[in-house]
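This report describes the fold of a single protein model. Please consult the sequence and the structure shown here alongside the text.

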Amino acid sequence: MKIIFATNNAHKLDEVKHALQGAFELVSLTDVEFEGDIPETGNTLEHNAMQKANYIYERFGLPVFADDSGLEVDCLGGLPGVDTAHYSGTRDAIANMRKLLGAMEGEANRSAKFRTVIAYVSNAGEYLFSGEVAGHIATVMRGDQGFGYDPVFIPEGQPLTFAEMGMEAKSKMNHRVRATEKFTRWLNEGNG
């Protein structure tokens, strides 16, 4: 089964390919020669994921899955949330983390969670799958592996940030991988 993953993010593509372990033929937007931006105008992860999946499905007619992920920090009322990728006003990861650490300066409650919502659209319908990982925000950036907020996110029960772990260790607790595993199990049961 060929499925388009509606992303231009090479890191996400690698994570998902790793999680799928060849169960399906995953094609990227580059593979289908799609260039340009996909709209993300919703105020929830669910809305954005579904909007992206539908946008690509309407253009190619192949099964599509898209995701939207967010970091939700308790002491910030769930921010950055849907604005995670451009929290600082740019898509610069370092600027986003600096803004987050500045906003949390002096905060004792550093609990947070990463959450991913996958939307799947095919001729069978529209479906949502989610995954999350709880943890807390470090006081400084640590590590050089991973991407996004990985240098400041410490998963629950772990001493290391995601950026200090290898992909193998991170994938065992990663929010995107958890959502992808739910999605894959559902497809393997003959759905979609």
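## Model and confidence

The structure is a predicted model. Its mean pLDDT is 90, and 97% of the residues reach 70 or more.

Among the elements of the protein, helix 3 (residues 93-103) has the highest mean pLDDT, at 97, whereas helix 1 (residues 10-20) has the lowest, at 74. Where pLDDT is low, the predicted coordinates should not be read in detail.

Six strands form an open sheet with mixed pairing, in the order 2-1-3-4-5-6. Its edges are strand 2 (25-27) and strand 6 (153-155), each of which pairs on one side only. On average, and with direction ignored, neighbouring strands of this sheet are turned by 35 degrees against each other.

Parallel pairing is found on both sides of strand 1. Strand 1 pairs with strand 2 in the parallel sense over three bridges, and Lys 2 stands opposite Glu 25 of strand 2. Two bridges join strand 1 to strand 3, also in parallel; here Ile 4 has Val 64 of strand 3 as its bridge partner.

Strand 3 is mostly covered, with 10 of its 10 residues buried. Val 64, Ala 66, Asp 68, Gly 70 and Glu 72 point one way from the strand, while Phe 65, Asp 67, Ser 69, Leu 71 and Val 73 point the other way. Residues pointing in either direction, including the acidic Asp 67, Asp 68 and Glu 72, are buried.

Strand 3 and strand 4 run antiparallel and are joined by 10 bridges. Within this pair, Glu 72 has Lys 113 of strand 4 as its bridge partner. Strand 4 (residues 111-122) in turn runs antiparallel to strand 5 (residues 125-137), with 12 bridges between them. Lys 113 also has a bridge partner in strand 5, namely Ala 134.

## Helices packed on the sheet

Helix 2 (residues 45-60) packs on the sheet and touches strand 1 (2-5), strand 3 (64-73), strand 4 and strand 5. The direction of helix 2 makes about 160 degrees with that of strand 3.

Helix 5 (residues 175-188) likewise packs on the sheet, touching strand 1, strand 3, strand 4 and strand 5. The direction of helix 5 makes about 150 degrees with that of strand 5.

## A loop residue: Thr 7

Thr 7 lies in the loop between strand 1 and helix 1. Is Thr 7 buried or exposed? Its relative accessible area is 10%, and because this is under the 20% cut-off, Thr 7 counts as buried. Leaving aside neighbours within four places in sequence, Thr 7 is in contact with Lys 12 and Leu 29.

## The largest pocket

The largest pocket has a volume of about 850 Å³. Its lining comprises 35 residues, of which Asn 9, Lys 12, Glu 40, Ala 85 and Arg 91 lie nearest the centre.

Which elements each supply at least two residues of the lining? They are helix 1, helix 2, strand 3, helix 3 and helix 5. Two of these contributors, helix 2 and helix 5, also pack on the sheet.

Key: Residues are numbered from 1 along each chain as its sequence is written. This is a predicted model: local features need pLDDT of at least 70, side-chain atom pairs count only at pLDDT 80 or more; totals for chains, interfaces and linings use all residues. Side-chain values use heavy atoms; hydrogens and water are left out. Two strands pair if DSSP finds at least two bridges between them. Helices (H or I, at least four residues) and strands (E, at least two) are DSSP runs, numbered from the N terminus. Axes are lines fitted to C-alpha atoms, for helices over the stretch in contact, and angles run from 0 to 180 degrees between N-to-C directions. Contact means heavy atoms within 4.5 Å. pLDDT is the predictor's confidence in each residue, from 0 to 100. Buried means under 20% relative accessible area, exposed over 50%, partly exposed in between (1.4 Å probe, protein chains only). On a 1 Å grid over the protein atoms alone, a cavity is a set of points where a 1.4 Å probe fits but cannot get out, and a pocket is an open set with protein on both sides within 12 Å along at least five of seven lines; lining residues have an atom within 4 Å of a point. Grid points are joined across faces, edges and corners, and a volume is the space filled by probe spheres set on the points.
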